[in-house]
Amino acid sequence: MQGLTDRLGRWLMFRFDPETAHALAVRGLRTGKLPRHRADVDPRLAVDLAGLHFPNPVGVAAGFDKNAEVPDALLGLGFGFTEVGTVTPRPQPGNPKPRVFRLPADAAVINRLGFNNQGHEAAWFRLEARNGTGIVGVNIGANKDTNDKPADYVAGLERFYALASYFTVNISSPNTPGLRDLQARDALGDLLARVGEARIRKIEETGRRVPVFLKIAPDVTETGLDDIVAEVVDKAIDGIVVSNTTLSRAGLTADPGEAGGLSGRPLFDRATIMLAKTRQRVGPDMALIGVGGVDGPETALGKIEAGADLVQLYTGMIYRGPTIARRICEGLSAALDEAGAASISDLRDRTTAQWATKDLPAE
């Protein structure tokens, strides 16, 4: 039944251009009438991280639910958590269309959306009206025309502090001019210091500490990664999301010549190498979320073995369908049986050293 649901869903969605298909998928989830795929959760898949209890390690990456329209519907598909956004203080339309391109031969997508979203207020009202209790992170960003990008991130943290399970500071989208410049050490140090100060104020006001993660690009140099890790540790950030989309076109059957960030299967090696190098630098205790090319049990397990505590996906759902979380969890349970392991966390880091010694794929 799962396979039929996925095949029919893909056949229908691929009849439309990518943005129309995405809007239809969100609309379908909003109706609450799509099949739910939650089942008895294998307790061995639970992960306790940064003060949060994740029922399983498989999450929806930011970008699918930009405006916080369907977080609980996504959790109903079997995901252990989901992340809304990227949200910016003011609404913005993003870049001109067309701006999303499927590459079916490579199970990949190129996008140059540019943080299109309805702004803080629209997302806040939807999250405030939630009835669900699952883990929902908020991915915060800066408006394209802002004069003070760090101030936009601070505004996001302050606005959603009462509602977010965690925050992801997104400085790694390639589609907002100047955004990746925030990964440079001085700029990053200033940004994280201001976000950290805002969090301290909110902790004092509320008595609640909300985790903050930093989302990085897979295209930084090793020296750049050293600087990022140093600032994350110095500013007491809770973890790193590795990674966003890539500007590299390595691994594509053919380059379509479209600008934007590449996601999906060709990103897996690059993002996993970066993940392993990050794990080696931060040590065993910092939270790492592995993103990029997760499209089934094997790739999800690969991220965990390379150093991820949790994984996220988006493009994988486009090509594999809405039952992907359920199927990944079943595969991870089988991997635990085979390894005789008591917890999915026991499988972490088994291949970190091997991945970390690899060079990033050529451009």
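Colleague: What do the buried residues of helix 4 pack against?

Modeller: Helix 3 (71-75), strand 4 (81-87), strand 7 (135-140) and helix 5 (149-160). Contact here means heavy atoms within 4.5 Å. Helices (H or I, at least four residues) and strands (E, at least two) are DSSP runs, numbered from the N terminus. This is a predicted model: local features need pLDDT of at least 70, side-chain atom pairs need pLDDT 80 or more, and totals for chains, interfaces and linings use all residues. Residues count from 1 along each chain as its sequence is written, and side-chain values use heavy atoms, without hydrogens or water.

Colleague: Which residues of helix 4 are buried?

Modeller: Gly119, His120, Ala123, Trp124 and Leu127. Buried means under 20% relative accessible area (1.4 Å probe, protein chains only). They sit on the same side of helix 4, because they cover an arc of only 150° around the axis. The arc is taken from the directions from the helix axis to the C-beta atoms.

Colleague: New topic. What order do the barrel strands take?

Modeller: Eight strands close the barrel as 3-4-7-8-9-10-12-13, with parallel pairing. Two strands pair if DSSP finds at least two bridges between them.

Colleague: How many bridges join strand 9 to strand 10?

Modeller: Four. Leu214 stands opposite Ile240 in strand 10.

Colleague: And at what angle do helix 8 and helix 9 cross?

Modeller: Roughly 25°, with the axes coming within 9 Å. Axes are lines fitted to C-alpha atoms over the stretch in contact, and angles run from 0 to 180 degrees between N-to-C directions. So helix 8 is roughly parallel to helix 9, a term for angles under 35 degrees.

Notes:
Buried < 20%, exposed > 50% of the residue type's maximum accessible area, 1.4 Å probe, protein only. Parallel < 35°, antiparallel > 145°, perpendicular 65-115°, else oblique.
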